[in-house]
Amino acid sequence: MNELIWIVPLLPLLGFVFIGALRNYLPHWLVSLVGCGTVLAAFIASVALFSNVYSARMVGGTGEITQELFTWISVSDFQVSFRFLVDPLSAIMLLIVTGIGFLIHLYSTSYMHKDPGFAKFFSYLNLFIFFMLLLVLGSNYLVMFIGWEGVGLCSYLLIGFWYKNTNYAKAAKKAFVMNRIGDLGFLIALFFMIAHFGTLEFAGVLGQAKLMVSGDSTLLIITLLLFVAATGKSAQIPLFTWLPDAMAGPTPVSALIHAATMVTAGIYMIARSNIMFTLSPITMQVIAIIGVATAVVAAFIALTQNDIKKVLAYSTVSQLGYMFLGLGVGAFTGAFFHVLTHAFFKALLFLGAGSVIHAMSDEQDMRKMGGLRKALPVTFATMLIGTIAIAGIPPFAGFFSKDEILAYAFVENPLFWVLGLAGALMTAFYMFRLLFMTFSGSFRGTESQKSHLHESPWPMTAALIVLAMLSVIGGALNVPEALHGHHWLANFLSPVFADSTALSVPFSLDHTTEYLLMAVSTVAAIAMAAIAYRRYVKSTPRAEKAEQDRGLLYKLSYHKLYVDETYELLITKPLNGLASTFKKADVKLVDGLVNGVGKVFLSAGNGIRHLQTGHVSFYIFMMVLGVAGIMLYGFIAQLIER
Amino acid sequence: MDNMVSQLQGIPLQHYLIFCSTIFAIGVIGVLTRRNVIIIMMSIELMLNAVNLLLAAFSAHHADPAGQVFVFFIMALAAAEVAVGLAIVIMVYRNTKSLDIDSLTKLRF
């Protein structure tokens with residue numbers, strides 16, 4: 001199997017080519033079969049790879065498998081090869097991408113069933129899986145960058161999947177442009193690496209970087225640029241506004257790309273380059289601050305959103321903020337652990353929301369839902385599990401990963417912990433608000449919607465159930481010692497983070513404090529759930545009133561802190577003004593100059609043309625005059641010569 | 001022949017120059033002022049002959065036959081040119097029923 005790493009990304013690529021080329025001729029069942037089948041096959045191959053890495057780790061090896069396909073760029077002593085690398089980090093990412101990818105493919109066969117672009121959708125999804133696998137598998141920054149750009153492209157294609165709606169197309173464009181800003185940072189970082197290290201291979205770059213002193217300015221620049229790239233892809237302040245708009249795409253896309261895989265690429269990339277970041281304390285501080293700020297701000301906005309997918313989108317931004325907080329305080333395993341558990345429960349929540357939207361005939365406003373518990377029992381049960389998991393209530397998955405990050409944050413700076421806890425409380429509140437508004441109380445939609453309510457077909461519920469089970473048990477992967485666990489994930493990943501671990505102060509927190517921190521966050525989360533219950537279930541009339549109670553904070557949250565408006569005012573308008581000034585200059589000045597020269601010669605020709613009289617005697621006269629002139633010239637020239 | 005060449009050499013070159021220039025100027029004035037095509041062609045012949053005579057004179061004075069060879073060439077060319085020119089003149093006359101050169105101004109502008 002180790003020689004066949006290339007087959008993992010190749011399968012979805014073949015699926016894309018096959019479905020894409022024959023999209024107008026293939027029947028639905030064949031599209032579903034090929035679309036899901038290639039990803040399932042890739043998943044099985046990934047499992048085989050993972051088990052190889054795992055058994056290598058069990059006997060104490062690093063578990064790294066590399067495979068070189070060909071030399072890609074070779075310029076004097078600078079070489080870039082097209083090489084794949086499977087190590088503990090990418091092995092787990094492989095499982096997430098192909099595993100959750102498969103579940104979402106399965107779900108989509110049912111969700112997109114009536115869409116005229118069914119085959120197109122599956123070809124895009126397969127293409128996305130291909131690029132995501134390249135991103136994960138690349139053994140150098142350039143292959144990673146291809147994947148990085150490719151997933152951005154697929155994200156754009158899928159957000160604007162219903163391109164006939166102008167707003168959706170705009171959302172796609174916004175996501176694309178904002179990602180480009182970040183990608184520029186990635187590209188410049190690549191050039192810095194080439195200039196400084198002379199290679200782009202992870203082994204070469206990181207091997208040289210670990211010999212440098214902490215706080216080296218080159219590393220600082222590279223890490224800051226890489227972080228800029230991560231803020232774009234992973235929707236952090238200040239580039240986060242595209243992700244909520246990305247909800248214009250079909251719901252499976254939101255689950256796969258904008259919650260479980262692509263948006264965590266930034267975290268994967270930083271975790272991959274961890275030694276460079278460990279050696280740049282300033283960057284680490286920046287990441288932690290941006291991360292915690294994003295976590296809190298996005299959670300605050302999520303409190304009052306009424307679109308079910310928008311709540312989840314802001315929740316994703318907020319959770320990504322937690323992951324960056326984890327990276328910033330050096331909890332690389334914790335951050336990656338959260339990537340893993342978040343992939344489970346956020347994919348679950350999005351798919352659950354998709355199931356609700358499906359039942360409600362494309363209604364996304366939670367104010368028009370309510371009381372769906374009886375009509376959608378499976379969706380309700382799985383959504384409940386997802387909500388408990390994300391709210392951080394033990395023993396579900398979210399609790400362990402979030403608490404690990406918060407514990408590290410507490411050691412680094414108690415202020416981070418306080419802010420992180422505040423974000424976690426808001427998370428618990430808005431998630432239970434979503435759950436209660438959707439599933440409890442009485443139905444608030446139209447009659448036709450009510451008669452249409454139904455549980456989703458089996459491919460959708462099956463995906464929900466598998467993800468729900470993962471959300472329940474996912475936390476067991478990395479149970480902390482304080483709870484008599486063995487840090488399985490941390491041990492498995494330790495070779496990836498070995499250099500950073502060797503450099504940083506070992507994590508130490510006595511068990512009493514750790515218990516206390518856990519207790520505080522658990523109790524607080526349950527309390528927030530209770531408040532949401534009282535507000536949205538116990539007193540349904542008050543729920544309506546609460547929505548109308550528009551204090552200043554409520555307004556700020558409801559209008560998303562006016563971030564989009566601020567960008568519009570500060571960036572878009574001045575740029576548009578500048579562009580129109582340049583356009584005027586181009587039309588009036590440059591075009592005027594060029595056309596002016598042409599006009600001068602045109603009118604000169606117009607004037608001279610009148611010399612063409614047709615009178616032969618006149619021509620001869622001019623000729624004689626010319627001959628006389630030349631002779632005169634020769635005569636004068638001779639005189640002067642003498 | 002020697003006698004004839006020496007006789008020619010006896011006439012000073014200035015005389016030839018003045019005579020030929022006069023004939024050439026008459027030709028130029030004829031071309032410039034007359035509007036009848038035939039007369040213009042005749043004036044051109046005058047100019048050509050002025051030059052021919054001058055070439056012959058120089059040739060004799062320098063005792064170099066090259067000038068006379070040129071004269072033969074010019075006469076041959078003039079004959080060919082007149083043949084073409086007369087053909088054109090006949091065509092012009094057929095079209096315009098006139099030999100006035102200024103009647104042909106259709107191709108202007």
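Analyst: The lining of the second largest pocket has 21 nonpolar, 15 polar and five charged residues; Ala, Val, Leu, Ile, Met, Phe, Trp, Tyr, Cys and Pro count as nonpolar, Asp, Glu, Lys and Arg as charged, and the others, Gly among them, as polar. This is a predicted model, where local features need pLDDT of at least 70 and side-chain atom pairs count only at pLDDT 80 or more, while totals for chains, interfaces and linings use all residues. Residues are numbered from 1 along each chain as its sequence is written, chains are lettered from A in the order in which they are written, and side-chain values use heavy atoms, without hydrogens and water.

User: Which element gives the most to that lining?
Analyst: H17(A) does, with eight residues. Helices here are DSSP runs (H or I, at least four residues), numbered from the N terminus.

User: What is the class make-up of the largest pocket's lining?
Analyst: That lining has 19 nonpolar, 14 polar and 15 charged residues. H6(A) gives the most, with nine residues.

User: How many salt bridges cross the interface?
Analyst: Zero are found between chain A and chain B, a salt bridge being a side-chain nitrogen of Lys or Arg within 4 Å of a carboxyl oxygen of Asp or Glu.

Note on methods
Helices (H or I, at least four residues) and strands (E, at least two) are DSSP runs, numbered from the N terminus.
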